[in-house]
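Please open the model in your viewer and keep the selection tool at hand. The stops below are meant to be visited in order.

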Amino acid sequence: MGDAFGEGYPNDGEVPVHEVRLDAYRIDTTAVTNAMFHRFVRDTGYRTAAEEYGTSAVFHLTVAADPADVLGSASGAPWWLNVRGADWAHPAGPASHWTDIPDHPVVQVSHSDALVYCRWAGRRLPTEAEWERAARGGLHRKRYAWGNELHSADGSHLCNIWQGTFPVENTQDDGFLTTAPVKSFPPNGYGLYEVSGNVWEWCSDWFLPKYYRNAPTENPQGPSIGRGRVMRGGSYLCHDSYCNRYRVAARSSNTPESSSGNCGFRTVAVTSPT
Ligand SMILES: [Ca+2]
């Protein structure tokens, strides 16, 4: 685990590089999609944190809402607008609907929402170590899930991130301004799709930047306490100039009740493979 290139933001705690040993596990090949999350909501009547709050965070270029429903922006991140009626079923605001994008990863789900989904599905979130092991796809000390270069030899895009000038102009060279359907880009060596870019993915661990300094080597579960939960993989908003966290070692976090238009999750089987 960890950043062997010295490219991470110091406050993220991507170093030291260290070896961990994990019991075998089975992880989803894609992030949980809108169609999958809909089955959970249909069966349980569950209401997400964003639905309870009545608002959630939408990237400014993607808002699908009446101007009266745009309530303000986040301090320090004016490209995040607080939109009334934005939730998993209306990921860009009330004028958007999941049925138009059933095969996109679900977003506008908090860490707590993800845990409830997992219980319903008989699954769990990956630990941060499990996520990184899976994302590396069998490669060692590489920058990305597929190697060290951002693009393929022919120049094609291998993940959904930002091209252009963040946060005002996205040239969409990779084909997507916001979320892409799952399986839009080639899988990694383990057959996992979009571990880099598209949407952030919640992990089970609490986030602590200094955790790697003394982390256990056997099945690390993360610190016992924290303020934020780990998110991995980066999103369609990542850009080298602003957030180079689409590298496999990159770490970030958010508070457990937060939801936004660029964070979802994938799940792991509760029982280990035999
Ligand atoms: Ca993109």
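A salt bridge, as the term is used on this tour, is a side-chain nitrogen of Lys or Arg within 4 Å of a carboxyl oxygen of Asp or Glu. The model is predicted, and local features need pLDDT of at least 70, side-chain atom pairs count only at pLDDT 80 or more, and totals for chains, interfaces and linings use all residues. Residues are numbered from 1 along each chain as its sequence is written, and side-chain values use heavy atoms, with hydrogens and water left out.

**Salt bridges**

A search of the whole structure finds 14 salt bridges. Begin by selecting Arg247 and Glu14, whose closest N and O atoms are 2.9 Å apart in a salt bridge. Arg247 lies in the loop between strands E8 and E9 (252–254) and Glu14 in the segment before helix H1, so this pair ties together parts that are 233 residues apart in sequence. Helices (H or I, at least four residues) and strands (E, at least two) are DSSP runs, numbered from the N terminus. Both Arg247 and Glu14 are buried, a word that stands for under 20% relative accessible area, while exposed means over 50% and partly exposed lies in between (1.4 Å probe, protein chains only).

Next, select Arg47 and Glu52, which form a salt bridge with their closest N and O atoms 3.0 Å apart. Arg47 is partly exposed at 44% relative accessibility, whereas Glu52, at 53%, counts as exposed.

Then move to Glu130 and Arg124, where the side chains meet in a salt bridge at 2.8 Å, N to O. Here Glu130 is buried, with a relative accessible area of 7%, and Arg124 is partly exposed, with 27%.

Which residues are linked in a network of salt bridges? Select Glu128, Glu132, Arg136, Arg232 and Arg251 together to display that network.

**Backbone features**

Return to the segment before helix H1 (34–44), where Pro16 lies, and look at the cis peptide bond that joins Val15 and Pro16, with omega about 5°. Another cis peptide bond runs from Phe166 to Pro167, with omega near 0°, and Pro167 is found in the loop between strand E5 (164–165) and strand E6 (169–170).

Continue to Glu194 in the loop between E6 and strand E7 (200–206), a residue other than glycine whose phi is positive, near 50°. Glu194 counts as buried, at 7% relative accessibility.

Finish at Asn219, in the loop between E7 and strand E8 (229–232). Although Asn219 is not a glycine, its phi is positive, at about 45°, and Asn219 is partly exposed, with a relative accessible area of 24%.
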